[in-house]
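Please read it with the sequence and the structure open.

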Amino acid sequence: MQGMMMHLPLRIIEILDYAAQAHPGGEIVSVRTEGDIHRETYAEAYARVAQLAHGLAALGIGDGDRVATLAWNGYRHFELYYAISGMGAVCHTINPRLSAEQMLYIIGHASDRVLCVDLTFVPIVEALAEHLPENLTLVAMTDRAHMSDSKLDWLCYEDLLEGRPQTYDWPVMPEDSAAGLCYTSGTTGNPKGALYSHRSTVLHALFLSVTLPRSLHEGARILPVVPMFHVNSWGLPYAAPLVGASLVMPGGKLDGASVFDLMEEEGVTASWGVPTVWLGLRAEVEQRDAAPSALDQLVIGGSAAPRSMIEFFEKCGVDVCHA
């Protein structure tokens, strides 16, 4: 016998819809490849995500199609996360540090229809151009004024959104439908794809918000150092809007000085990433003889953090969660 409550499947797009209504003060702050700082609220992001979904639909993207990203942590990458999965397609994040052989393999293996690329990575795509699938549509993640001078045929990301409706009739699909695709680095043979569902992603976001409340709470400002091309940035693009925490996206500027300055300027309260980045931040803290003033927690994962690193940040008054 089944219960009679709320027979609605879990959908990723509901997270952003909820954030836009319940947490209008939450925002996404991004260091852009164009060189400036961009800000948008979750409500503004939700409207742009709808426009992006219309733009992708105009390119022929439909249920189950794979749309790939080659991008840093930023608001456009965030928008792609939600638009692609929201319309029933699959967001395939590609690690730009993979070899050319591995990158070509996974693009082919995933049968990607569209590849969305930050300006930094345009040269990578140009180097692969002769071996890319002929029917692959390339989108440069920028505006018309900053389009790169490339030999390839690029669409402009902002052109996909321009003039589109700010609402979208998001389809209802089974919650076990594919939503995200990440590949391994191919240390044992060819890279292998891990296919995330709407159900697994939403439940993961809910569990994160329960188990890491020191990072994830309304009014928090979280800097995701862990890349959005690496296991969905440990779920932060989903968990943060769910609880009303703002996301401060560093783009490609991950050196110690840049991370410190961004934390200080934006009042970052928590940051998640691998030990390598925290080595750079530690050196900066030692040089300046102070930690970023609002920083309350670091979540360190990916590999084991040295005991000395944990002790250093804790002595600075920063809680360390060793994931």
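**Notes on the model**

1. Arginine 76 and glutamate 34 are both buried, where buried means under 20% relative accessible area, exposed over 50% and partly exposed in between (1.4 Å probe, protein chains only). Their side chains meet in a salt bridge, at 2.9 Å from N to O; the term stands for a side-chain nitrogen of Lys or Arg within 4 Å of a carboxyl oxygen of Asp or Glu. This pair links distant parts of the chain, 42 residues apart: arginine 76 is in helix α3 (residues 75-86), and glutamate 34 is in the loop between β1 (27-31) and β2 (37-41). Helices (H or I, at least four residues) and strands (E, at least two) are DSSP runs, numbered from the N terminus.

2. On the basis of the work: this is a predicted model, in which local features need pLDDT of at least 70 and side-chain atom pairs count only at pLDDT 80 or more, while totals for chains, interfaces and linings use all residues. Residues are numbered from 1 along each chain as its sequence is written, and side-chain values use heavy atoms, with hydrogens and water left out.

3. What surrounds arginine 76? Its relative accessible area is 5%. Leaving aside neighbours within four places in sequence, arginine 76 is in contact (heavy atoms within 4.5 Å) with Arg32, Glu34, Arg48, Met141, Thr142, Asp143, Tyr157 and Glu158.

4. A second salt bridge joins the side chains of aspartate 65 and arginine 113, at 3.0 Å from N to O. This pair also links distant parts of the chain, 48 residues apart, with aspartate 65 in the loop between α2 (42-58) and β3 (66-70) and arginine 113 in strand β5 (residues 112-117). Aspartate 65 is buried at 18% relative accessible area, whereas arginine 113 is partly exposed at 29%. Elsewhere, salt bridges that share partners join Arg32, Glu34, Asp36, Glu40, Arg48, Arg76, Glu79 and Glu158 into one network.

5. How many salt bridges are there in the whole structure? The search finds 21. One of them is between glutamate 14 and arginine 11, whose closest N and O atoms are 2.3 Å apart. Glutamate 14 is partly exposed, with 35% relative accessibility, and arginine 11 is buried, with 12%.

6. Aromatic rings of Phe, Tyr and Trp (its six-membered ring) pair if their centres lie within 6.5 Å; planes under 30 degrees apart count as stacked, over 60 as edge-to-face and the rest as tilted. The count by this rule is seven aromatic pairs. Tyrosine 168 and tryptophan 170 have ring centres 4.6 Å apart and planes at 45°, so this pair is tilted. Tryptophan 170 is buried, at 10% relative accessible area. One aromatic cluster is formed by Tyr42, Phe78, Tyr81, Tyr82 and Tyr238.

7. Which residues of helix α4 (residues 100-110) are buried? They are Gln102, Met103, Ile106, Ile107 and Ala110. Seen down the axis of α4, these buried residues fall within an arc of 130°, so they line one face of the helix; the arc is that of the directions from the helix axis to the C-beta atoms. An α-helix has 3.6 residues a turn, so residues three or four places apart point the same way. The cover over the buried residues of α4 includes β3, β4 (90-93), β5, α5 (122-128) and β8 (178-183).

8. Some backbone angles deserve a look. Most residues other than glycine have a negative phi. Serine 111, which follows α4, has a positive phi near 55°. Valine 231 has a positive phi near 40°; it sits in the loop between β10 (221-224) and α8 (236-243) and is partly exposed at 34% relative accessible area. Aspartate 289 has a positive phi of about 60°, lies in the loop between α10 (275-288) and β13 (297-300), and is exposed at 71%.

9. As for the whole protein, there are 11 helices and 14 strands. Buried residues make up 54% of the 323 residues. Of the contacts with a separation of 6 or more, 70% are between residues 24 or more positions apart.
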